[in-house]
Amino acid sequence: MTTIDRVLTIGVIWMMTATAFCAEPTKLYVAPNGNDTWSGTLAEPNAAKTDGPFATLDRARDEVRKQKPAGGAAVEVRGGDYLLDKTFELTADDSAPKGGCMTYCVRKGETARLMGGVEITGFRPYKDKIVQADVSALGLDKIPPVEYGRYSGDVPGFELFFQGKRLVLARWPNKIPDDPRWGEWAYIPKTTDKTREWFYYPGDRPAKWSRPQEAQIHWFPWYNYMDQYVGIQSVDAEKKIIHLAKPASYPVQPGRRFYIQNVFEELDAPGEWYLDREKGILYLWPPAPLAEGKVVASKIETIVHLKETTGVTLQGFTIESCRGDAVVIEGGSDNTLAACTIRNALQDGVWINGGTNNGAVGNDIYEVGRRGILLDGGDRKTLTPARNHATNNHIHHMSRLLHTYAPGIQVHGCGNIVRHNLIHDGPHMLIGLSGNDHLFEFNDIHHGMMISSHGGTFYCGRDFTARGNIVRYNKFHDINGYGIDHVDREKGVFVYASPVRHLPGAFAVHLDDQESGFHIYGNLFYRLAHGAIRTGGGRDNVIENNIFVDAGWAVHLDNRGMGWQKRATRKGTLMRRLLATDYKNPPWSERYPELVDILDDRLGEPVDNVVRRNIFSQEDILYNFSRVPTDRFTCDYNVVWRGGEEVMVTGRTYNPNAGGVIPFKEWQKMGFDTHSKVADPLFVDAANDDFRLRDDSPALALGFKPIPIEKIGLYDDPLRASPPPPPDARKMSSKQVIEEYPIPDFKPQVFEQVEVRVEQSKTEINVDGKITPEEWNGADRAKALVLRVDAKGNPMAFKSYAWVTHDGANLYIAVSNDTTAGSDLDTTATWGRDDGMEIAIQDVSEEKPGTVLVLRGFPTGSFSGVKGGKLVKKVQDATKYAARIVKKGRWDAEWMIPLEAMGVRPPQPAREPKLRLNITVCKPVAREWVMWQPTHGRSYLLDKAGILVLTLPQGG
């Protein structure tokens, strides 16, 4: 038993003991038909209506404070709706007395709803099916718009609910019920610059809006892993451009999805609403007859707030409709929120903020705007655990407003516990983490990343110091991912797909950007379209005793800290977080001794990772080890199986010529998996998701320990809001589903190969890496070949500029490269990892084209020939190359390539040699590959590149 287990067990025993042996509490009652002038000691009003229950929780709390009963109090709340006009607050004065209890509990079998809003009545017809109500007296217009992080825009700061369900601000395009993926978005038709300030819109709807400044855009402006809300500054109807009130999270890209809400003219569907704040009139298209429910506007921030209380239990409530976090437990100890239904919060369902042994137990949490539970607490400086916990909760359909980085459970701090939860149907991640020594166990996690990709249902990242975290005995299954896959410019469509293939997709566990020190043990991963565990360059991660079935890339490991993230490793967030801790001294040095010398121990390398005693049974390639060290990486004692077919591995070491997509036997010859077995693991009934092992499983002989699968997920308990649901029958398929959306105003692009006439230079060029105007005909960027797009023609942020000339015998090329502003350039030269450039060239002067030659150069001044058969060595030996770093964020290079070495005859008055050319620059800090001409593939596919025509001076 680990230390964290022992601590939690002691805490549970203490709570059980305190409950069993506490003194007899004072009993009070609250009911909708009560009266705060009564005694509160009767569950029902007496016959004379002179005494009975209280009407409000506040009155019951105040009575307990007044009496200060030695045995504490048990407040029983009768079923009904309680519309609160202020937060129900408990403080240290409301704590349970020593040996006593403090409980607020709904009577068994009844439903008591605590609602943080105000009911709207008095609706009258407006037109068609739309009704209106004067709400000027309710003060809704005084509620400020929400503003935080990626959420802004001048829209009402409250929400509207009917029959307990969130209604939709009038929007375009309309929301499609129960289908957040396909068809309820509009798509950006094009962009001409990499801008964050404006974008083109399709169609003509925005031109008809009278108040566009009140509208709000919700979109994924670039990547599938980041959404944002932003307001509108203005609409240019003539150019069909929307100017933003704030910059977008990322530069806006064509084909990215968005919708626009809070537009009166778009109130055209059931369930939509709009508030005219100037007149105080609310307009609504009811989704059902108004007599069948209450229309409630959320008004207060938080419904229940426990601050510095001890031993307080709230049980059985339905808590809904607020503008902030529904329940906040701040500080204190041994407080429990149990068996509650929490929904319709604009932000988080439950926030446990500090204190010790505070818990959310057995709750149903759904339809919240951001996170289901935010669990914080513990002291990272001293590594003191909080033991705050989320246990046996059913959390689903969270992140309804902010779709990304708003998981079912988010954990911060030190020493907190997440166990036996069922979490599913989230648009992005389902569990997020930062901090140390957290325990995640017996959770059932599925159907995450529903409308996003390039992430994981369990996500954390960019912290060497977030160590000691344990992920064990969990199920991760049925995860696909979704988003834009690519823009097909030839066909004229935006291609959206599930899963996404063109970017890293949806993983179960994503340890991003060198996250380190995790122990992932005894988990079950199955039906994962893209992958199970992605370790992005981290170290000291142990992956053992897990089962992977049809899990895509079961385990992925890369070496990004040696590549595009090399600079950030020593100067970015990773280093700031490391230096913010006292990692060289106790208690850090004792708890994590591997951190003490990290700066001098191959920083940035993925060392000391372990993949051991796992079971892999899948059709796909086994691993995706893009770069692993041969000396400090363990992969062994695994059972691997591919249904009797040959097992294939993607395994590469630091040696670029070692490994690749290879048979398992070749991988073993490289020194890995030498004790592993290729054998059927012998599951009990894999076809029906029974992945228990038969007694004769070969994995047991290798030391695999059976996983207690039967304990995973919710369990029936008096402290459950509802019985555990049956297993989810939905089974995700790894077969890609594609939806194509036509590009508005698309005109098929007729390919016209760019042809540039290159005159012979009139000056001598010294190849020294210095691009001077005297040598390069002014070196004017306005007259340069501009490298501005990627391989698919998408505009890139950081351009490069090239000038080309010749002297009759040699071809000269100069390239000036702008990179991320202020970034240092590497002094190493690895293609794809460091800054570098590639020249692809081919002689097409004759009927039969010549050999495609590829040369690569780096800011270090080193270069090489990498493609061109026997000819490339001859060209490399004859070529001159020089480069220099001009300043942070810019480097220049010059080439002299002899025509004779390439087999090109020199230009003559009657013969002008033609060369196909493309130039590509790798800019790893910006994660951009910039080309002169888009090839829609490799840079050396020169049939769609440019053509140089070498000419003599006029009269030459």
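Two strands pair if DSSP finds at least two bridges between them. Strands are DSSP runs of E with at least two residues, numbered from the N terminus.

**Entry 1: the model.** I noted that this is a predicted model, in which local features need pLDDT of at least 70 and side-chain atom pairs count only at pLDDT 80 or more, while totals for chains, interfaces and linings use all residues. Residues are numbered from 1 along each chain as its sequence is written, and side-chain values use heavy atoms, with hydrogens and water left out.

**Entry 2: a sheet.** I looked up Val-495 and found that Glu-740 in S63 stands opposite Val-495. I then examined strand S45 (residues 493–498), which runs antiparallel to S63 and is joined to S63 by six bridges. Both belong to an open sheet of three strands, in the order S44-S45-S63, with antiparallel pairing. I recorded strand S44 (483–488) and strand S63 (737–742) as the edge strands, since each pairs on one side only.

**Entry 3: Arg-856.** I located Arg-856 in strand S69 (residues 853–857). Its side chain makes a polar contact of 2.7 Å with the side chain of Glu-838; such a contact is a pair of N or O atoms within 3.5 Å, where within protein one must be able to donate a hydrogen and the other to accept it, and residues adjacent in sequence count only if both atoms are side-chain atoms. Leaving aside residues up to four places away in sequence, I listed residues that Arg-856 touches (heavy atoms within 4.5 Å), among them Trp-831, Phe-863 and Trp-895.

**Entry 4: confidence.** I read a mean pLDDT (the predictor's confidence in each residue, from 0 to 100) of 92 for the chain. Over residues 1–21, pLDDT stays under 50.

Conventions. Helix = DSSP H or I, 4+ residues; strand = E, 2+ residues; numbered from the N terminus.
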